[in-house]
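Please walk through the structure shown here, from the outline of its chains to the residues packed inside.

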Amino acid sequence: MYAAHFAASLAVKGRAPRAPLWALVTAAFLPDFVWIVLARAGVEPELPPRGFFDDWSHSLLMIVVASTLFALLFWKKDRVVAAAVWIAGLSHLILDFLIHPARLALYPHSAIHLGWSLWSYGQEKSSLGPNHYWWIEAAFIVLLLAVYGFSWRRVSPNWRIPAASCLLVAGLHLLSV
Amino acid sequence: MIIRAMAMVRVDGLREITMDMRRPEPTANVNRRAGGFRVSFQNRSRSVEPIKSFVGVTSKELSRVESAVGTAEAIQQLLLIAIPALILILVDPGPGKRP
């Protein structure tokens, strides 16, 4: 998922306004940042003959470890912010649990894999145009942006900022049709 | 997104390398004095085809091009996250700055 990770960081931002958005976005994309580096280094190949492998960046254990380490950077300054960053990091696990190129491993090289293997189903075209993956991600985005929008409404009557943020995330998702 | 990545590849007689990253599978066009070639990654497997006066390509050249495509892909993936993130951060100014 792509735009859904931005939506997840905004949803956490809505619930914890003190948390800096840069930290939430970084936490929400942390496994992908690790994956980009490891894929480039050849540790997590996506090419034949070794096939797709992302246990070091996307296994349950490694996402928890990476999120915890990153959240600890904020622990001394503000524990609420640290908790928000931790949750943003774990949101990656929840969002990738449903659809991912490979089911998420429990830990690197584990035989136990978690998550639903909806990848093939997700790639199929739906009767409404884009593939099922796109629609599932859209549903998550709507839900997460609703959390963000309603949280904003409680603290400020200004609707322009959340509207602009929501439009940007929705636009990113529309671009991926 | 087209990334012109000449500096990233050392191929003898190289004039230009153009990577078309808009496709789901990236393609690199390598133009050199001794005839160009195109490297494409369809279904994640590499294929090489000649452009104009093709005179052969060494495995060293191919691995350099492959490496450059990999780097370009990584840069593209980082930019796809960093640019929207930067806009979002500018839109929502953060703690203590909300109206």
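The model is predicted. For the complex, the predictor reports an ipTM of 0.84 and a pTM of 0.83. In chain B, the mean pLDDT is 72, with 65% of the residues reaching 70 or more.

Chain A has eight helices and two strands. Read from the N terminus, the order of its elements is α-α-α-α-α-β-β-α-α-α. The C-alpha atoms of chain A occupy a box of roughly 55 × 50 × 25 Å along the principal axes. How does the radius of gyration of chain A compare with that of a compact globule? A compact globule of 177 residues would have a value near 16 Å, and chain A, at 17 Å, agrees with this. Buried residues account for 41% of the 177 residues in chain A. Of the contacts in chain A between residues at least 6 apart in sequence, 58% connect residues at least 24 apart.

In chain B, helix α1(B) has 33 residues, which at 1.5 Å a residue should span 48 Å; its end C-alpha atoms are 48 Å apart, so the two agree. Buried residues in α1(B) include B:E61, B:V65, B:A68, B:V69, B:A72, B:A85 and B:L88. An α-helix has 3.6 residues a turn, so residues three or four places apart point the same way.

Which residues touch the most other members of the largest nonpolar core? They are A:A7, A:L24, A:V85 and A:L144, in a core of 48 residues. At least two residues of this core come from each of α1 (3–15), α2 (21–41), α4 (60–72), α5 (79–98), β1 (104–105), α7 (132–155) and α8 (160–175) of chain A, and also from α1 of chain B. The most is given by α5(A), with nine residues. Leaving aside residues up to four places away in sequence, A:V85 touches A:A19, A:A23, A:L24, A:A27, A:F70, A:A71 and A:F74. There is also a second, separate core of 10 residues, with B:I17, B:M19, B:V39 and B:V65 among them.

Terms used: Residues are numbered from 1 along each chain as its sequence is written. Chains are lettered from A and ligands numbered from 1 in the order in which they are written. This is a predicted model: local features need pLDDT of at least 70, side-chain atom pairs count only at pLDDT 80 or more; totals for chains, interfaces and linings use all residues. Helices (H or I, at least four residues) and strands (E, at least two) are DSSP runs, numbered from the N terminus. The radius of gyration is taken over C-alpha atoms; the globule rule is 2.2 Å times the number of residues to the power 0.38. A residue is buried if 20 or more other C-beta atoms lie within 10 Å of its own, exposed if 12 or fewer, and partly exposed in between; C-beta atoms are placed from the backbone. Two residues are in contact if their C-beta atoms, placed from the backbone, lie within 7 Å. pLDDT is the predictor's confidence in each residue, from 0 to 100. The expected span of a helix is 1.5 Å times one less than its number of residues. A nonpolar core is a set of buried Ala, Val, Leu, Ile, Met, Phe, Trp, Tyr and Cys residues joined through C-beta atoms within 7 Å.
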